[in-house]
Amino acid sequence: MSAFGLAEQEDEKFQPAVGPAFNLPSIDAECIAAIALLRAQHEDGWTITPNHDITIRLPYLATDDDKHIHGYNNIARYVTSHSNTVSPITDSQRADSTALSSFLTVHAQTLLDISLYVSYENYATTRSAYTKILPWHSNYILPPKFRAAARKRTEQLGVSSIDVEDVHDDLMDRPQGFDTGVGQEKKFEAETQKRASLLLGRQDTVRGLLRKGQGGALFKLHALADNCFEVMRDMLGEKEYFLGTKEPTDVDCLAYGYLSLMLYPQLPQDWLGKILRKKYPALVNFTEKMHERLGLATNADAVMGLASCASNGEVVEWRKSKKLQLPWQAPASAGFVDVTTTVAQDLLSRIPLLAPSTTIITTGKQKTPAWRTCLPATLLAAAVGLGSFGYYAFTTGLLIWPHGQQVHIFGRKRLTDYGHLGAALAGVSLLSQQASQARQEYGNSQEDHLNVGPVKVEVEVEKEDAP
Amino acid sequence: MSSDEPVHDDTNDSKQTPAKPSEPAARSNRGYSIFTVPAPLKRIFDRFPLVTYAENDAPLRAPTARDTHGLHIFTTASDARNGRPSFNPACLKWQTFLKIAGAPFHAVASSNHASPSGSLPFLLPTAADQATTPAPIPSSKLRRWVNAQSGANKSQEPLDVRGDAYPSLLEDGVRKAWLYQLYINPANAALVDRLYVSPCSSNIFVRMTTSHQLQQAAQHELSKASASNTIHEADVLQEAAASFEALSTLLDSDEWFFGRDGPGLFDASVFAYTHLILDSDMQWQDNALSDALMDHGNLVKHRDRMVEMYY
């Protein structure tokens, strides 16, 4: 979800969805599906507002009785139950519909992830589509986030290693003979091959054919795509819609959401669209019919231009003049505070250990203890706390670093206190002292005389001899 | 090297025949060749190799029962001996599938660290001959392996076109709710501790870290569907309830899924979740999934049938 359209229903509901891109009403499959569903089952009474706030789950529907419904499945349940035009479906049709929705969210989403985000060349196109619908600051935050999420979802397939933004890293890590896949052009190799082929003549081996373009990876991708499309084709069969109904149902809209994003974007590496057109014409027919019937072609520039409209009347005028078929509203404009908080939040989330952990919205009474939900942050806080307390304690003298008993020497320090060398020095200095004393004996005052050591010794000897 | 170790035969010979040292001298008479080993070196090499040690015993924990295939799963040692079901849905699915296919195997209590792919289950087939160790088979290739075994009942591909779409109900809706209920719901923390954390270590810090990692992994898994990292409990459970409803409609009043005569892989996959959700041995503290499952009597009966037949 990146740019969302928030649909706001004047009398009944609001429906937010991701903003328009690729000539489609949104860049996110679920959001396209939600718009298609509203279009199919409710003539009017709703509007769409582009939105790009990823803290709320898009698409979301705000109804006039102040309910907020998030996620396509929930919206589909609500919209279908509030529609008078839809004929009820049987239990077995409902079961098929649930199964197919699950199937699409698992498999079709993977294909879209690879096609729009993981492949580097295609991502450049996707990114420029985002540029049109996002405010400037979000352009640096959201598309990389979506790409990271897409790569996380597809990492178990081993496709994410196929192209990495840093071509040199990628080339170094790759084992020999491992083909680069979707994505990056092989500029160096292509150049070398061109020269080699001049020398060696042209002879295509199977391996050579596979190495050309995105050969090796294409095998894997074709298998993935076939897995998904074959099931969809079989489920569709000869019918007009997936469940055999006369009108499109919620699962048709969801299928349209995914298929349209595979078919309509003009991507540099259009393997997904090519497979669809070549091998699954029934699915292409289905998508084009839905597209025509619901009038979902959207010009992104025209929708984003709505931001300049001041009043409701102007919005309606604008829609007419730009031939916008969907009830678009002006996108929410980002204020200074929004920009600051978004940027700050993003920066915070990049600091290891401090990144906010997953929020769980539950009705249960028992909460996970706080230390468990953010163990790294708790550990960090504990370590920092202990460290700063220790520093404070030692600097202020509250605690004393352990050491041996201090040595106190009372009285005058004499040279003999310093061991053998000291004693020897003491002997020398004693001699010199005596010599100088002898010289000064006559000239010195009485006080000086009393302080001289040798004199005291003589006194003591006399005392001992006395008895 | 101690002298009471077995000594190489050559060395014995050289000791017993005193005539040997004179041999190089005799040979030198026949003419000097560059390939002749000089006498001092020859004496050293005659004593080589000096000692041959006996083989070490295999470690006590090395697998002993090599006569049947070993399926490595999350379970306890006693449960593995008694053929009780695993407490991990992915392991239970394949354990049940092998039982359905009739392939002889014994369960081995194991952990992720033992697996070459990093995840359980995997199967260690018996060796055709003692010299080679067969490569372990990860769960993704287990089905093909079973079909390749001549003795096992071939499991047919479901002919129904819906057979491809319905498994994603389990992968998506039910699995997410399972992850939520077991790893994230704080009421069941004691259960995770008993099943996955206690067998790892008794050290309090290791256990704290392990349980934290498990919880983080589950949260990642649940939140990676969207770029934001918020999990709505109500949404997760609602999807699971819708999945059970669809499965129940699919089963209808049949004995097995897709109206087949006997159980297949899909039955095993459904059973893996329904059994663990309904099993009283698990001692759930908070089991919202069971409430959703109880509404569908045919799924409960399906699980009971499977337990009767295989466990």
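**Labels and their grounds**

Guide: For chain B, the unreviewed UniProt entry places "domain: Metaxin glutathione S-transferase" at residues 241-306. In this predicted model, that stretch is 64% helix and 0% strand, with its end C-alpha atoms 22 Å apart.

Visitor: What makes the meeting of B:Glu239 and A:Arg77 a salt bridge?

Guide: The N to O distance between their side chains is 3.1 Å. The rule asks for a side-chain nitrogen of Lys or Arg within 4 Å of a carboxyl oxygen of Asp or Glu, so the pair qualifies. The count between chain B and chain A is one salt bridge.

Visitor: Which elements of chain B each supply at least two residues of the side that touches chain A?

Guide: They are α7 (167-184), α9 (204-223), β5 (230-232) and α10 (233-251). The residues of that side divide into 15 nonpolar, 16 polar and eight charged.

Visitor: How do you know that strand β6 of chain A and β5(B) pair?

Guide: Pairing needs at least two bridges, and β6 (residues 359-361) of chain A and β5(B) have three, so they count as paired. The sense is parallel. A:Ile360 stands opposite B:Ile231 in β5(B).

Visitor: How many residues does the contact take from chain B and from chain A?

Guide: Chain B gives 39 residues and chain A gives 41 residues. The area buried between chain B and chain A is about 3600 Å², and carbon and sulfur atoms give 56% of that area. Seven residue pairs across this interface are in polar contact, with both residues at pLDDT 80 or more.

Note on methods:
Residues numbered from 1 in each chain as written. Chains lettered and ligands numbered in written order. Predicted model: local features only at pLDDT ≥ 70, side-chain atom pairs only at ≥ 80, totals over all residues. Heavy atoms only, no water. Contact = heavy atoms within 4.5 Å. Buried area = accessible area lost by both parts, 1.4 Å probe. Polar contact = N/O pair within 3.5 Å; in protein donor to acceptor, adjacent residues only side chain to side chain. Helix = DSSP H or I, 4+ residues; strand = E, 2+ residues; numbered from the N terminus. Nonpolar A, V, L, I, M, F, W, Y, C, P; charged D, E, K, R; others polar. UniProt positions renumbered as here; feature names shortened; annotations may be inferred.
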